[in-house]
Amino acid sequence: MTRKDSILTVDVDEPQMTLTLREICERGECHAEFVIKLVSYGIIAPVEEGPEERQWQFDLAALARLRKAQRLQHDLNINLPGLAMSLDLLDEVQQMRREVDRLNQQLRQLMGEW
Amino acid sequence: MDFKDYYAVLGVSESASPEDIKKAYRKLARKYHPDVSKEDDADAKFKDLGEAYEVLKDPEKRAEYDELRKYGARPDGSFEPPPGWQSASGFGRGGYTDADARQFSDFFEEIFGGGRGGNSGQGFSGGRGFRQSNRMRGEDVHARLALFLEEVFQGCEKQVSFRVHEADDHGRIVARQKNLKVKIPAGMREGQHLRLKGQGSPGIGGGEAGDLLIEVELAPHPLFSVEGRDVVVTVPIAPWEAALGAQITVPTVGSRVKVKVPRGSSGGRRLRLKGKGLPGKHPGDQIVLLQIVMPEQHSEQAEKLYQALAEAEVNFNPRSKLHV
């Protein structure tokens, strides 16, 4: 059951938007304890880390990472230390893939294969 | 409807033990998890895996599936359950699984039925339904958008299509395709997120609509590569330009500039053009990577000149670092 709607032009608002602990829980459909644990394991971090959890602000990248952590935990049954390590390694892999792509492109150009 | 061979999906034989099935699933789930794999169809593969495992790990469902596999599959690969077929294992209502059956295929639905209907009552937002109130915020939609470098520099308008879930007149949750044209500001970075407020799934019972959250990616460019905030371009020069220095024209994103090649430049030398990299509060630089290229053929005169050069530079050993 899908219907198409007409195209609406939308301006992007608040690219620097942040979320409170409550808001990130609401959007991530999880409890605050889970977010606090993710912060304590360094999996996500508030924009400015303070002792007062109520004052934490998270950016949208933290929300995306929270959701990734949830998927991995749910689908692969990973505990928190494993999750922290997996996400760090995945970041590293992504960075390396990008680096390899970039270097391959430069190498091809240096070999004259444009 | 196509028949789904769950044994093939998990790469196990029909006689595989529950332990083998679990092992195969765990291994493939790690491999094809959409957050881990970079294969394009990882998402579909992972869903198939989940579906296959959901059936084969459960002795009752597996027995039913084996029965159907024997009698229901047609030689052309299509499938129709035998008349009067009804699953005894009644998936989705007993709550003995935490899999989200809404993700599963029509084939699954046809055999084990009730999965999607049974689950959609649980909640608007992925079946985890922890909120009891009737008033619910619509779910956020997460999307990725690849931008060309030119679009990052100039800003652009992009059409995005995505699916939202909303309640129909009967209160059932249905998917709807939504199309939006989005104005993307200049200076986006890879991995940056954009929020389009209220453009996600509508809320229920007067709840607020969710947002559309877009993560920006950079599409590969044939000429330029990106290193952090810097844009790198490889620029070929002639040997005499490298030796004598030269004023050359190099491309920048969306334009071109004149650059001075210093006298005596070696191949691989990097020239930095301040502020010509990715735009933003702290714009990056453009890096010109020099590449010395030879003409495919030299004229007789050029060869003579090279000969003279070889005699004049007899003390130069380009391989001194190799100790030869």
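In this predicted model, the largest nonpolar core holds 41 residues. The residues with the most contacts inside this core are A:Ile24, A:Phe58, A:Leu63, A:Leu66, A:Ala69 and B:Val231. Helix H3 of chain A, spanning residues 60–76, supplies the largest share, namely six residues. Chain B takes part as well: its domain 2 (141–218) and domain 3 (224–312) both give residues to the core, so the core lies between these two domains.

Leaving aside residues up to four places away in sequence, A:Ala69 touches A:Leu38, A:Ile43, A:Leu83 and A:Leu87.

Two of the contacts of A:Ala69, A:Leu83 and A:Leu87, bring helix H4 of chain A into the picture, where both are among the buried residues. H4(A) covers residues 80–110, and its 31 residues reach 45 Å from the first C-alpha to the last, close to the 45 Å expected at 1.5 Å a residue. Together, the buried residues of H4(A) pack against H3 of chain A and S7 of chain B. Just after the helix, A:Gly112 adopts a positive phi of about 85°.

Taken as a whole, chain A contains four helices and three strands, which follow one another along the sequence in the pattern β-β-α-α-β-α-α. Of its 114 residues, 19% are buried. Among contacts in chain A with a separation of 6 or more, 52% link residues 24 or more positions apart.

Turning to chain B, S7 belongs to an open sheet of four strands with mixed pairing, in the order S6-S7-S11-S10. The edges are formed by strand S6 (224–227) and strand S10 (270–273), each of which pairs on one side only. On average, neighbouring strands in this sheet are turned by 30° against each other, direction ignored. S6(B) and S7(B) pair in the antiparallel sense over four bridges, with B:Phe224 opposite B:Val233 in S7(B). These two strands form a hairpin with two residues between them, and B:Gly228 in the turn has a positive phi of about 60°. The pairing of S7(B) (residues 230–237) with S11(B) (residues 286–292) is parallel and runs over seven bridges; here B:Val232 stands opposite B:Ile287 in S11(B).

Chain B also has an open sheet of three strands, again with mixed pairing, in the order S1-S5-S4. Strand S1 (141–147) and strand S4 (193–196) of chain B each have a single partner strand, so one side of each is left without a neighbour in the sheet. The twist from one strand to the next averages 30°. S1(B) pairs with strand S5 (residues 212–218) of chain B in the parallel sense over seven bridges, and B:Ala146 has B:Glu217 in S5(B) as its bridge partner. Helix H3 of chain A returns here: H3(A) packs on this sheet and touches S1, S4 and S5 of chain B. The direction of H3(A) makes about 95° with that of S4(B).

Methods: Residues are numbered from 1 along each chain as its sequence is written. Chains are lettered from A and ligands numbered from 1 in the order in which they are written. This is a predicted model: local features need pLDDT of at least 70, side-chain atom pairs count only at pLDDT 80 or more; totals for chains, interfaces and linings use all residues. Two strands pair if DSSP finds at least two bridges between them. Axes are lines fitted to C-alpha atoms, for helices over the stretch in contact, and angles run from 0 to 180 degrees between N-to-C directions. A nonpolar core is a set of buried Ala, Val, Leu, Ile, Met, Phe, Trp, Tyr and Cys residues joined through C-beta atoms within 7 Å. A residue is buried if 20 or more other C-beta atoms lie within 10 Å of its own, exposed if 12 or fewer, and partly exposed in between; C-beta atoms are placed from the backbone. Domain bounds come from an automatic or database domain assignment. Two residues are in contact if their C-beta atoms, placed from the backbone, lie within 7 Å. The expected span of a helix is 1.5 Å times one less than its number of residues.
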